[in-house]
Amino acid sequence: MLKKPLTAVAVASLMTLAACGNSAGSGDSGTGADGVAMGPGVTDDEISVTVISDFSGPIAQGGIAGSLGVEAKIDQVNREQGGICGRKVVVDKRDTKYDPQITTQQYRAAAPKNLMVAQFVGTAGLNAVRANIERDKMPTLSASINTQTLDLPNVYVAMPPFEVELINGLTWAAKEAGASASKKVKVGFVTSADETGKVYLDALNHAAKATEGLEVVAQPTYTNADTDFTAQVNSLKDAGAEIVMLGVTPAQIAGIIGQSAQFGYKPTFVSSSGAWASSLGKPLKGLLDKYYVSGGYGTLNDDNAGIQALTKARKAYAPDAKPDNFEVGGWINGTVVVEALRKACEAKDLTREGVMKAMTGLKVSFDDILPPIDLGDGNSIVSFQSRINKIGADGVQEPVAEFFESEAAKSWDAARRK
Amino acid sequence: MTLFLQLGFQGIALGLVYGLIALGFVIMFKGSHTFNFAHGQFVAIGAYVVLVLLPRMPYVLAFIGAVAITVGLALVVERLLIRGLIGRSVTVVVLATLGISTMLHNAVLMVWGVGSHDSVGPVGAGTTKVGSVVLPNSALATVAVSVVVLAAVAWFFQRTRHGLALRATASSQEAALAQGIDVGRMFALSWALAAFLAVTASIFLASFPRVVSPSIGDLALIAIPAIVIGGMDSLMGAVVGGLVVGLTQVLGSNYLSDIGGGRLHEVLPYVLMLLVLLVRPYGLFGSRSIERV
């Protein structure tokens with residue numbers, strides 16, 4: 001007699017647990033008074049979106065600045081237009097400390113309460129919750145702009161990935177150095193000794209093959225525990241690399257450029273936008289005349305309508321915040337969120353499925369911060385354009401050329417997709 | 001050969017920094033039987049205080065000021081949070097120091113933010129050439145000052161009354177008490193010495209081209225394998241262990257770069273630590289403790 005009730009209790013418990021598990025999913029919250037279908041995080045008054053980022057860990061400087069860009073954009077829309085779809089948009093910030101385990105906990109906590117991820121920082125963290133994002137049908141904008149995250153289901157990258165920035169940077173540096181069939185220019189690549197580093201290395205090697213006159217002579221790697229770059233710098237110097245492409249993070253830039261200067265080695269350094277933080281301008285003062293950043297989006301020093309709007313919005317939202325170029329990336333993601341929510345509202349569908357439908361083929365203009373993009377099917381690179389910047393006196397990037405795209409970047413993407 | 005000498009010198013410089021940090025761990029462990037996981041944060045705080053004081057005064061005064069402030073903080077932590085736990089299980093004390101570490105790390109973030117700052121080394125970016133080997137002045141200063149400080153610490157323990165009292169306390173608290181030694185004062189002295197070593201290490205850990213950033217406290221924890229390799233209670237072992245870790249990291253980043261996807265030098269100190277634990281659990285220079293049960 002006891003067995004049956006016990007079994008029933010067990011089954012009921014399992015069903016309850018299963019239901020709880022699904023509560024983090026894409027379940028709708030019903031239909032609003034205005035007839036709009038509402039997903040998680042949406043009420044008649046609010047639309048809640050989350051920013052999952054490093055706010056106190058090793059890349060917190062970029063994480064905080066990036067989040068500020070999203071927050072400033074959403075604050076601007078709330079102040080000037082009363083929000084979206086008659087609802088105030090709120091940002092639910094979650095600190096991952098750049099740790100995949102904490103990222104998983106934070107994603108699970110945020111998922112039931114939010115319609116979408118307005119910005120997600122960290123490739124390893126994104127990979128840790130990729131199954132949850134797929135199961136929850138969670139529209140997610142990645143600030144880790146590389147093809148590893150672009151290839152994940154329901155994850156969107158609204159800017160040219162770092163690989164494109166690096167490829168364009170190499171082709172620009174080769175042209176500047178006069179590389180040609182008759183003039184060989186030696187190049188070296190510094191990347192991390194992990195999966196992300198391998199992806200950057202593949203892209204750079206493709207670009208070197210596709211660009212006439214380049215010879216790859218050294219490819220040293222580093223780990224996050226490295227604080228001394230004597231080995232890497234000497235391998236580049238001994239090989240005679242005239243151009244050094246840096247597929248690194250801000251944590252390695254000071255060590256590599258600083259030690260190169262100490263060893264009397266002064267090649268042309270080019271990195272992606274993710275490698276530079278403006279606070280490095282002070283310790284590296286006087287050593288940055290041959291360092292360039294290939295950036296897929298504009299800089300805070302630009303004089304265009306997009307940057308002016310961002311600067312105004314940041315001053316209104318966080319007047320004491322120190323300017324950092326990562327906030328431009330956040331502003332771009334914030335703009336995509338706003339446009340996607342508007343389109344979903346027009347379709348009267350503020351569910352996750354509605355947002356993803358809105359993202360498909362979404363065309364966004366950023367008022368010249370970067371050329372307009374088309375999100376397409378969400379799995380394609382949105383733009384192959386980047387721009388070369390140098391570092392100004394205050395550590396903020398200043399453009400030295402216009403946006404351009406290289407054939408090498410397009411042929412690399414075609415090869416990658418095969 | 002030039003590259004080997006270059007790497008070897010950089011490895012020794014980095015290893016001596018780890019040695020200074022490891023020595024702090026060991027002195028606290030010997031003096032108060034506390035393995036202080038918050039020690040890395042004292043290293044970070046030392047660097048930040050030097051950073052704040054430098055624009056306002058000469059370098060030596062900034063360093064002395066940072067030592068005074070960090071030692072003061074260490075004494076407060078020891079007296080208010082650790083002293084009351086003496087006699088409790090090792091787990092309780094370790095958990096307490098982990099909690100203190102988190103508190104101090106967050107205090108650093110609240111006061112100085114998450115960004116990186118300038119370098120705080122005593123010398124700039126200059127170099128000195130010896131034959132074909134380029135020696136960064138920051139690394140030369142690291143070696144010179146570390147050797148002097150380590151010699152001074154050895155002299156303190158061997159030749160001074162307080163050093164002898166500290167050794168007696170480390171050996172047996174009851175016997176030390178019976179000899180009239182103020183054991184409480186010895187606990188405080190060990191924490192103060194460790195804080196001094198933390199500040200000394202911090203100015204070299206954030207020496208050009210390295211910079212002051214919140215991660216400096218975590219970097220300092222790379223000294224932990226050094227302590228285990230050298231022996232938890234050996235001052236000499238801490239320095240040798242530090243050198244082993246520093247040399248392994250720097251030489252390995254070149255000569256082991258083709259093995260294990262370029263990551264072998266990162267894990268090698270921990271592999272060595274495990275090997276030492278298996279063969280000599282008390283470390284290369286540690287003393288085997290015998291307990292009557």
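The model is predicted, so local features need pLDDT of at least 70 and side-chain atom pairs count only at pLDDT 80 or more, while totals for chains, interfaces and linings use all residues. Residues are numbered from 1 along each chain as its sequence is written, and chains are lettered from A and ligands numbered from 1 in the order in which they are written.

**Chain A as a whole**
- You can find 14 helices and 19 strands in chain A; these are DSSP runs numbered from the N terminus, with helices (H or I) of at least four residues and strands (E) of at least two.
- Chain A is as compact as a globular protein of 418 residues, because its radius of gyration is 23 Å, close to the 22 Å of the globule rule (taken over C-alpha atoms; the rule is 2.2 Å times the number of residues to the power 0.38).
- The C-alpha trace of chain A spans about 85 × 55 × 40 Å along its principal axes.
- In chain A, 56% of the 418 residues count as buried (20 or more other C-beta atoms within 10 Å of the residue's own, with C-beta atoms placed from the backbone).

**Two domains**
- Domain 1 of chain A covers 32–160 + 302–383, and domain 2 covers 162–295 + 386–417; such bounds come from an automatic or database domain assignment.
- The C-alpha centres of domain 1 and domain 2 of chain A lie 29 Å apart.
- Where they touch, domain 1 of chain A gives 16 residues and domain 2 of chain A gives 18 residues (contact means C-beta atoms, placed from the backbone, within 7 Å).
- On the domain 1 side of this contact, α2 (60–81) and α6 (147–150) of chain A each supply at least two residues.

**Meeting chain B**
- Here 28 residues of chain A are in contact with 32 residues of chain B.
- On the chain A side, α10(A) gives the largest share, six residues.

**The nonpolar core**
- The largest nonpolar core has 210 residues, and L170(A), I21(B) and A47(B) touch the most other members (a core is a set of buried Ala, Val, Leu, Ile, Met, Phe, Trp, Tyr and Cys residues joined through C-beta atoms within 7 Å).
- This core lies between domain 1 and domain 2 of chain A, because both give residues to it.
- Beyond its neighbours within four places in sequence, I21(B) is in contact with V43(B), A198(B), A201(B), A220(B) and A223(B).

How values were computed: Buried ≥ 20, exposed ≤ 12 C-beta atoms within 10 Å, placed from the backbone. Contact = placed C-beta atoms within 7 Å.
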